[in-house]
Amino acid sequence: MFVFNFVDRVIDRMLYRLKTDFRLSIITMLGMSAILGITPFAVLRFVQGNTLAGIVDIAILVCVTVGMSYSWITGDTQRGGLFMAVMTCSGAVVVGMVAGEPGLFWLYPCLVTTFFLTNP
């Protein structure tokens with residue numbers, strides 16, 4: 001019973017932080033979307049034998065996870081968002097160079113999400 005109460009309180013605190021901190025909620029939403037969206041591509045690239053692009057995708061996933069975790073742990077969403085923006089845009093450029101023309105389609109969503117992650 002104690003474990004369920006503890007988990008319930010932790011979830012309540014997390015939801016409260018997401019409701020009260022807009023930038024943290026954006027970082028969390030974009031981070032989770034990136035993890036769910038990039039992971040299948042990383043797996044597919046490894047299955048197809050394109051290990052370099054798969055490694056780049058894994059590096060992007062690690063950077064997104066680090067930025068999101070940093071923002072949650074420290075509460076510093078400006079640095080966490082800036083780190084995520086720089087790493088994901090750099091990763092999108094590298095994927096564009098490695099994967100060719102299909103990789104270039106990642107640049108637009110990456111640049112749009114940068115608007116939400118950083119200060120003007």
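Modeller: Gladly! Let me begin with a definition: buried means under 20% relative accessible area, exposed means over 50%, and partly exposed lies in between. Please keep in mind that this is a predicted model.

Biologist: Thanks. Why is Ser90 called partly exposed?

Modeller: Ser90 has a relative accessible area of 36%. Ser90 and Leu107 are 17 residues apart in sequence, and their C-alpha atoms are 9.4 Å apart in space.

Biologist: And what makes Thr65 partly exposed?

Modeller: The reasoning follows the classes with 20% and 50% as limits. Thr65 has 33% relative accessibility, so Thr65 counts as partly exposed. Its place is in helix H3. From Thr65 to Ala85 there are 20 residues in sequence and 12 Å in space, C-alpha to C-alpha.

Biologist: How do you know whether Tyr16 is buried or exposed?

Modeller: The relative accessible area of Tyr16 is 57%. Exposed means over 50%, so Tyr16 is exposed. You will find Tyr16 in helix H1, residues 2-20. For the protein as a whole, 33% of the 120 residues count as buried.

Biologist: What is the secondary structure of the protein?

Modeller: There are six helices and zero strands. Along the sequence, the pattern reads α-α-α-α-α-α. The C-alpha atoms fill a box of roughly 50 × 40 × 20 Å along the principal axes. Among contacts with a separation of 6 or more, 58% are between residues 24 or more positions apart.

Biologist: Now to the helix pairs. Why are H2 and H6 called roughly antiparallel?

Modeller: Two packed helices are described by the angle and the distance between their axes. The axes of H2 and H6 come within 10 Å and cross at roughly 155°. Angles over 145 degrees count as roughly antiparallel, and H2 and H6 are therefore roughly antiparallel to each other.

Biologist: Which residues of H2 and H6 meet?

Modeller: Arg23, Ile26, Ile27 and Leu30 of H2 meet Thr113, Phe116 and Leu117 of H6. By class, this contact has five nonpolar, one polar and one charged residues.

Biologist: What makes H4 roughly antiparallel to H6?

Modeller: Here the axes come within 9 Å and cross at roughly 170°. The cut-off for roughly antiparallel is over 145 degrees, and the angle makes H4 roughly antiparallel to H6. On the H4 side, Gly81, Leu82, Met84, Ala85, Thr88, Cys89, Ala92 and Val93 take part, and they meet Leu107, Cys110, Leu111, Thr114 and Leu117 in H6. The contact of H4 with H6 has 10 nonpolar, three polar and no charged residues.

Biologist: How do you know which elements line the largest pocket?

Modeller: A lining residue has an atom within 4 Å of a pocket point. The largest pocket is lined by 21 residues, and Ala34, Ile38, Thr88, Trp106 and Cys110 lie nearest its centre. Helices H2 (22-48), H3 (51-74), H4 (77-99) and H6 (107-117) are the elements that give two or more residues to this lining. H2 gives the most, with eight residues.

Biologist: How much space lies in the largest pocket, and which classes of residue make up its lining?

Modeller: About 400 Å³ of space lies in the largest pocket. Its lining has 13 nonpolar, six polar and two charged residues.

Notes: Residues numbered from 1 in each chain as written. Predicted model: local features only at pLDDT ≥ 70, side-chain atom pairs only at ≥ 80, totals over all residues. Heavy atoms only, no water. 1 Å grid on protein atoms, 1.4 Å probe; cavity = no way out; pocket = protein on both sides within 12 Å on 5 of 7 lines; lining within 4 Å. Points joined across faces, edges and corners; volume = space filled by probe spheres on them. Helix = DSSP H or I, 4+ residues; strand = E, 2+ residues; numbered from the N terminus. Nonpolar A, V, L, I, M, F, W, Y, C, P; charged D, E, K, R; others polar. Axes fitted to C-alpha atoms, helices over the stretch in contact; angles between N-to-C directions. Parallel < 35°, antiparallel > 145°, perpendicular 65-115°, else oblique. Contact = heavy atoms within 4.5 Å. Buried < 20%, exposed > 50% of the residue type's maximum accessible area, 1.4 Å probe, protein only.
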